[in-house]
Amino acid sequence: MAFHYELRFAGIGGQGNMLAGAIIAEAAIFFEGKYATQVPTYTSQVRGGPTKADIIISDEPIYFAESTHINFFLALDQRTYELYKGDTLDGAIVLVDNGLVNVPEEDKKRWDVYEYPIVKTAKYDVGNVITANILSVGMTGELTHIMSLDNIFKAVEKRVPPAFLELNEKAFNMGVEIAKKLKAEKGKN
Amino acid sequence: MSKAQIMNGNELISEAALVAGCRFYSGYPITPSSEIPEHLSKRMPEVGGVFIQFEDEIASAMAAVGASYAGYKSMTASSGPGISLKQEAIGLACMMELPLVVVNVMRGGPSTGLPTRVSQADVMQARWGTHGDHMIIAVAPETLLETYTETIRAFNMAEKYRTPVYILTDAVLAHLNGRVELPDPSELEIIDRTQPSVSPEEFNPYDVEKFGVVPPLPNKENFPKYRFHMTGLNKDKTGFPTVNKEAVEADEERMITKITDNIKDIESFEYYKMDDADLVVFAYGTNAAAARVAIDEARESGIKVGMFRPITLWPFPEKQVAELGKTFNKTIVTEINLGQMLYEVERVTQGNTEISTVLQASGVPIRPQQILDKIKEVS
Amino acid sequence: MSTDYSKYLRMEKLPLYWCPGCGNGTVLKAMITAIDELGWKPEDIMMVSGIGCSSRATGYVDFHTIHTLHGRALPVATAIKMCHPGMHVITFSGDGDSTAIGGNHFIHACRRNIDLTVIIVDNWIYGMTGGQYSPLTPTGTKASTAPRGNIDPNFDIADLAKGAGATFIARESVAEPIKLKNAIKKGLQHKGMSVIDALSNCHIQWGRRNKYGDPVKLVDLIKEKTVTKTKAAKMTPEELAGKYVTGILHEDTIKKEYTEAYKELVEKAQN
């Protein structure tokens, strides 16, 4: 069976989820030789409106680019979580910022849910709230293992301004470490 | 050697326009087409072309018409509300017989509609948006690569037939970032308007008797040498107004037949898994991608279904669709609107096939599952 | 020295389509005489018009000509000037065309300060469509859509153009054709957006409704209503009410011209 993986990054405008999605797609295309698409959905509200980026990675050309069978769902906002969780497959990986999203108990039974204060960590531990998306990218890479972390980071390097590379590298690595810790807590590797 | 790149539909239209020789872009900001002027504001000066953001949609369309008159390959882009405003300029380009490429990144409506969402609800506007009898060419790409190649074809047809050509995309294709391997520009056929073979004194911009149905038109290098008149009034071969009824009638008819008589050259369509099919889906643009996925899945469960996908929407592929009507007992028409090309399919198949529909105007794409459900229901 | 007008006209298109006594011919003659005095060649001149009586002028002159849509001469002229910066680009349209339906294009062309010469044949009325009031119809006067008198205040084209950023503004009238020709000539020579408010007579559509059906009487009225810039400087606002100040009303040679600015942008982009 050919490799096919669908992701959705949901949040509100300004959090950087569109860019995070683009980085994942670019890593797959440029550094893993795969087909990938990223299609954003947003509203006219430039900051604060519900947004999502759907990312599909495949060994084969992709025609329908909206994620309809989601393997990995990331949400950084409660309203958006509720709005866009519907296409997530049973048993899929769900990552939320638990400072911003409350995952209902029944959802925790359905999905492999990981919770972490992503935005707060970016702000206080990395040192800049704008790195929350790259922190998410690092966590996504470690939680999904769909691509090598090195290749994902190469895509980060391609996208972030050189002046912010060091900061984003810190965010990315921290994301990976946090994800490892969360997996270890669940007894996974 | 082509190389994998990541671009979205709007960027691909912009780059393809440059490769096609477009050196004039005028526009006005509107979602979801704004990445086209954003990209070209950077790129056009690099290639020595003209980029202007105008005060409104009307001015930007009129400027593109003016640039075409002055010999430049020109383009303007917008979305439904802006395209409504551009209609008078599109009509002028039809009447003056000036090449023009108009991009409509469709978002639905009427009126402001859903600015950031997907739609195919402007396909009839493309056909009939401007007033008066006229013919239009419109293409609707499905994929990123096709967005690129159809943009080049749009410029070629505009130049070859001296007519406005629409590129109809939508918010999904416009913002879809994906892998594309672009053809080498040297492998692409680029068509330029035919140049006058006569002296400036002998040149008439509509000299059909001498030059055939699509007379030559000076390009940007020749424009300063050739003085001629153009008007939005019904004109004679010299470009000056006429009310002579025979001349007007002949001109009106020729402006349509110069396109319809060349349908073989202009038409473009795809038959997908049709060889053994006993059920056909009619779909176009990005919605055809959903149909394609649905058809693949239906075939896995043994349903022999195929797709007819027009790429050139206008002129409508009457011959092919009429044939479908005769061949298939059942046809599914799907489009992201409440039924527009449906009218054409109904008109052309003349009741020979039982038509069912998957239509949606909610601002979200039709999903493969919806089309699959319909395929299962009718098969 | 007399001008050989046949050098500039498409003689086979004559006689003119305009009513006997119409001011359009006077404005057109002033423009052609100015061009002749400058020694410009027809092949270097692009003339663009909109819709209306005066806009038919593009059909008579043997330049590059395009008769566009109502109000839209300026976007077309702007595009052509950007494509061929070496050409002299002139627009020739009426007051309704230029300031009502084309008003947005007018203020933005002024703002850009693109090197166009914009001749507005200002006859206070929509002539071709049957005498409806325009933004230049004097308040209180009659029109086919103002049978009890026009209640709309009217524009001052010169103030409008100045506020919007044009760098050469002049007003003259058909009552003094030599002065009109000189104003157009200066406008043609100016590098930047030049606006010529050419007051003209429509004795048929405006005149007949306002007791000025005789072209001579109407031209006299225009003469009466105009005062030179020098004279106006000594008059009180009350005395100036309803008057049209003539002369070169504004000239700015500092503001950058648009095709020049674009040329610099292209050089920057290519380096």
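Modeller: Begin with strand pairing. Two strands pair if DSSP finds at least two bridges between them. Helices (H or I, at least four residues) and strands (E, at least two) are themselves DSSP runs, numbered from the N terminus. This is a predicted model, in which local features need pLDDT of at least 70 and side-chain atom pairs count only at pLDDT 80 or more, while totals for chains, interfaces and linings use all residues. Residues are numbered from 1 along each chain as its sequence is written, and chains are lettered from A and ligands numbered from 1 in the order in which they are written.

Colleague: Show me a case. How many bridges pair strand E9 of chain B with E2(C), and in which sense?

Modeller: Three bridges, in the parallel sense. Strand E9 covers residues 229–231 of chain B.

Colleague: Which of the pairs of chains that touch has the most contacts?

Modeller: Chains B and C, among two pairs that touch. There, 29 residues of chain C are in contact with 31 residues of chain B. On the chain C side, strand E2 (64–67), H2, helix H4 (103–112) and helix H11 (258–270) each give two or more residues. H2(C) has the largest share, seven residues.

Colleague: What is the make-up of that side?

Modeller: First the classes. Ala, Val, Leu, Ile, Met, Phe, Trp, Tyr, Cys and Pro count as nonpolar, Asp, Glu, Lys and Arg as charged, and the others, Gly among them, as polar. The chain C side has 14 nonpolar, twelve polar and three charged residues.

Colleague: Back to H2(C). Are its residues buried or exposed?

Modeller: A residue is buried if 20 or more other C-beta atoms lie within 10 Å of its own, exposed if 12 or fewer, and partly exposed in between; C-beta atoms are placed from the backbone. Helix H2 (residues 73–83) of chain C has eleven of its eleven residues buried, so it is largely enclosed by the rest of the structure. The buried residues include Ala73(C), Ile80(C), Lys81(C) and Cys83(C).

Colleague: And a strand? How do I read its two faces?

Modeller: In a regular strand the side chains alternate between the two faces of the sheet. Now look at strand E8 (residues 194–199) of chain C: six of its six residues are buried. One side has Ser194(C), Ile196(C) and Ala198(C), and the other has Val195(C), Asp197(C) and Leu199(C).

Colleague: Which strands pair with E8(C)?

Modeller: Strand E4 (residues 116–122) of chain C is one, parallel over six bridges. Thr117(C) has Ser194(C) as its bridge partner. Strand E7 (residues 168–173) of chain C also pairs in the parallel sense over six bridges. There, Phe168(C) stands opposite Ser194(C). From E7(C) the chain passes through helix H6 (residues 177–189) of chain C to E8(C), in a right-handed β-α-β crossover. Right-handed means that, with the strands pointing away from the viewer, the path from the first strand over the helix to the second runs clockwise.

Colleague: What about chain A?

Modeller: Chain A does not touch chain C; their nearest C-alpha atoms are 21 Å apart. With chain B, 19 residues of chain A meet 18 residues of chain B. On the chain B side, strand E1 (4–7), H7, strand E8 (177–181) and helix H11 (287–300) each supply at least two residues. H11(B) gives the most, with four. Strands join here too: two bridges link strand E2 (residues 35–41) of chain A to E8(B), antiparallel. Gln38(A) has Asn177(B) as its bridge partner.

Colleague: How is chain B divided?

Modeller: Domain bounds come from an automatic or database domain assignment. Chain B has domain 1 (1–266) and domain 2 (269–378). Their C-alpha centres lie 28 Å apart. Across the boundary, 28 residues of domain 1 are in contact with 21 residues of domain 2. H5(B) gives the largest share of the domain 1 side, four residues. That side has 19 nonpolar, four polar and five charged residues.

Conventions: Two residues are in contact if their C-beta atoms, placed from the backbone, lie within 7 Å.
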